[in-house]
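Visitor: I've got a new model open and I'd like to learn how to read it. Could you walk me through it, one feature at a time?

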Amino acid sequence: KAVVSTQSGHYGRGLMKEELVKKNENSQTKKKISKVKVSLTLGHTASHRDVITSNEFTHDWSFYVRGEAGTRIQSYIEEVVFELHTSFDNPVQTIRKPPYEIHEQGYGTFIMQVEVRFKNKREPKKIQYTYDLLLPGRGGAPIKRSRKEILTFTNPNGEFMSKLIEGGGALHHFDTKGNLLTGAAPKTEAVPSIEPPKPKPSSAPNINTAEIEKKSAKKHSKKTEKVADIKKKEKRPIEEDATAKKHKKSSKSSSVAPP
């Protein structure tokens, strides 16, 4: 383990050797690795022409280098260089501001060289890609192709790091063992809290509960009395009819003469 010492061989500031070793270990654990990730999309479109040009070009095509939607890759990109086939009149084309794209006419497929140069005073200052620019056959459907490239910059200098983040880069910090320490928090929309609706105040007048119960009991009592009265009236005709039959029988027996 490394030990910090002065040129004279004595440990500075009155610290013991063990303390300096411990201090050095702590400083090692506090070191962090910063990484910034950005993504670029390389793509092209191509279609067959209805009319062949005087140069016998049969196709129209375009090629582009773009960032994610809403990002400003021009914050960290200095320029993009497109190197075409040598048969083109202008085989090397440089675009220094967005949109980083070119539009051409041709008659055959070829491998394109693409160089993206960064606004970085230190390495890396550029990155190179190859792209197979395909053209559809006669009567074929137009071609739309693209691929995504993820770039990771490790410990970029402060100025370039700011440019990367401004251009949509995601910053993350790792310890020396590769464990994630911190990172840019993802953007999330605030979710409104939903509360149950409060009951509206009633417009009905206040009524005494005891009074309601009293009226209900009184109403029930009257109903009971009414039912009893009906049953009493239904029973009375039956009793009267039985009495009448008994009286009639008695009268009949009294009118029969003795033998």
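This is a predicted model: local features need pLDDT of at least 70, side-chain atom pairs count only at pLDDT 80 or more; totals for chains, interfaces and linings use all residues.

Visitor: How much accessible surface does the chain have, and what share belongs to carbon and sulfur atoms?

Guide: The accessible surface comes to about 20100 Å², and carbon and sulfur atoms account for 53% of that.

Visitor: How many helices and strands are there?

Guide: Three helices and 10 strands. Going along the sequence, the pattern is α-β-β-β-β-β-β-β-β-α-β-β-α.

Visitor: Let's zoom in. Is serine 39 buried or exposed?

Guide: The cut-off for buried is under 20% relative accessible area. Serine 39 has 14% relative accessibility, so it counts as buried. You'll find serine 39 in strand 1, residues 32–48.

Visitor: Which side chain does the side chain of serine 39 make a polar contact with?

Guide: That of glutamate 68, at 2.9 Å. If you skip neighbours within four places in sequence, the residues in contact with serine 39 include Arg66, Tyr76 and Lys148.

Visitor: And what about isoleucine 165: where is it found?

Guide: In helix 2, residues 158–166. Isoleucine 165 has a relative accessible area of 37%, so it is partly exposed.

Visitor: Now the rings. How many aromatic pairs does the structure hold?

Guide: Nine. One of them joins tryptophan 61 and phenylalanine 88, an edge-to-face pair with 6.1 Å centre to centre and 90° between the planes.

Visitor: Why does that pair tie together parts that are apart in sequence?

Guide: Because tryptophan 61 lies in strand 2 (residues 59–67), while phenylalanine 88 is in the loop between strand 3 (77–83) and strand 4 (92–95), so the parts it ties together are 27 residues apart in sequence. Tryptophan 61 is buried at 3% relative accessibility, and phenylalanine 88 is buried too, at 13%. Ring pairs link Trp61 and Phe88 with Phe110 into a cluster.

Visitor: Which charged end sits over the ring of tyrosine 64?

Guide: That of arginine 66, at 3.7 Å from the ring centre. Elsewhere, lysine 35 lies over the face of phenylalanine 174, 5.2 Å from the centre of that ring.

Notes: Residues are numbered from 1 along each chain as its sequence is written. Side-chain values use heavy atoms; hydrogens and water are left out. Helices (H or I, at least four residues) and strands (E, at least two) are DSSP runs, numbered from the N terminus. Buried means under 20% relative accessible area, exposed over 50%, partly exposed in between (1.4 Å probe, protein chains only). A polar contact is a pair of N or O atoms within 3.5 Å; within protein, one must be able to donate a hydrogen and the other to accept it, and residues adjacent in sequence count only if both atoms are side-chain atoms. Contact means heavy atoms within 4.5 Å. Accessible areas come from the Shrake-Rupley method with a 1.4 Å probe; for residues, only the protein chains shown count as cover. Rings of Phe, Tyr and Trp (its six-membered ring) pair if their centres lie within 6.5 Å; planes under 30 degrees apart count as stacked, over 60 as edge-to-face and the rest as tilted. A charge sits over a ring if NZ of Lys or CZ of Arg is within 6 Å of the ring centre and within 35 degrees of the ring normal.
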